[in-house]
Amino acid sequence: MLGFHLDYYLCCVIAVSGLLFIATSNRNSSAAVIPYCLGIILMLTAAILFFSTDNRIINDYQGGLDANEQTGLFALSTLTALIIRKLFSVGKKIIRTNSN
Amino acid sequence: MQDFIYTIIDFDQRLFLVVNSKVGTFSIIDSSARIIGSDYLVPVFLLLVLIFLWHKESSTLRRLKTRLTVLKSILTLLVACLIVIILNQILFRERPFNLIEANLIFYAPTDSSFPSNSVAAVVALTIPVFKTYRKIGWLMLSSSLCLAFCRVYVGIHFPGDVLGGILTALVSFVFSTFLMNLFSKQLYLSLLIFEKWKGLKLVRL
């Protein structure tokens, strides 16, 4: 796709976004099926997208990620997903306020 | 004593050959083992579970308990990595494909085979959660053991390396429990501040 590092980062953002859908729907309501399904679909999509688009079984000195890079990129992608989620909920609040 | 060590090493190699000899029987199993045994699927899955646990509980008291477990998992992982680094300085074991005729269907790592650092890392993330939440813990443990098996199957670790990784994780868990108990009050207070401080309201979901 776009290079190993960027692919990993983007797929992690998608997966963490999916997880946040599940985590927040679980907390707010017991019957929130749509966000739950959306979350699972997003996580599966991220995994399929990552492993099907290129050869990912490569050593770190041949273009793969070493442990430090993985940790850093995963933390960054989690932060990005949290910011997206926050912006999403703020946007929803603004739309609701304007419609009322 | 030396004979005993040689017997164990011989048994380890025989066990490796039993598992690794199945490579090539079904291509779908080989591809699945390559993906499960990779550095990306199981570690990311376990980290996602930890993020889920961080946001899971609705009551403050239970949320604090869960977050302490997540922090303990991360601390155990760090200690396990440290132990692996120290052990790699002391001893070096060749990879199976360098010693015996193995079916290698993975990339060829160059670092020490013993202990398995990936198994030590994933089991270290799992043990604290397993101790507190059995259902989620079983899910994490089974995926960790799947990774451990796949690392042997694809030909990059002996079963003994995997066992060494699990033992490393157990030792690091004991050490991190000791550390967490030592600073439990401070950690609890920090989490409470994170939870209640209005200035941090913006970063909470």
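Read along the sequence, chain B runs α-α-α-α-α-α-α-α-α. That comes to nine helices and zero strands. Helices (H or I, at least four residues) and strands (E, at least two) are DSSP runs, numbered from the N terminus. The model is predicted: local features need pLDDT of at least 70, side-chain atom pairs count only at pLDDT 80 or more, and totals for chains, interfaces and linings use all residues. Residues are numbered from 1 along each chain as its sequence is written, while chains are lettered from A and ligands numbered from 1 in the order in which they are written.

The C-alpha trace of chain B spans about 60 × 40 × 25 Å along its principal axes. Of the 205 residues in chain B, 38% are buried (20 or more other C-beta atoms within 10 Å of the residue's own; exposed means 12 or fewer, partly exposed in between; C-beta atoms are placed from the backbone).

Now take helix H6 of chain B, residues 117–132. Its 16 residues reach 24 Å from first C-alpha to last, close to the 22 Å expected (1.5 Å times one less than the number of residues). H6(B) bends by about 25° at Thr126(B), and Pro128(B) follows within four residues. The bend is the angle between axes fitted to the seven residues ending there and the seven starting there. Because 14 of its 16 residues are buried, H6(B) is largely enclosed by the rest of the structure.

Look next at the loop between H5 (96–99) and H6 of chain B, where Pro115(B) lies. The peptide bond from Phe114(B) to Pro115(B) is cis, with omega near -10°. Most peptide bonds are trans.

How do the chains meet? In chain B, 18 residues are in contact with 21 residues of chain A (C-beta atoms, placed from the backbone, within 7 Å). H3(B) gives the most to this side of chain B, with eight residues.

Finally, the core. The largest nonpolar core has 61 residues, and those with the most contacts inside it are Ala15(A), Ala80(B) and Ala124(B). Such a core is a set of buried Ala, Val, Leu, Ile, Met, Phe, Trp, Tyr and Cys residues joined through C-beta atoms within 7 Å. H1(A) gives the most to this core, with 13 residues. Leaving aside neighbours within four places in sequence, Ala15(A) is in contact with Leu42(A), Met43(A), Ala46(A), Val44(B) and Leu48(B).

How values were computed. Two residues are in contact if their C-beta atoms, placed from the backbone, lie within 7 Å.
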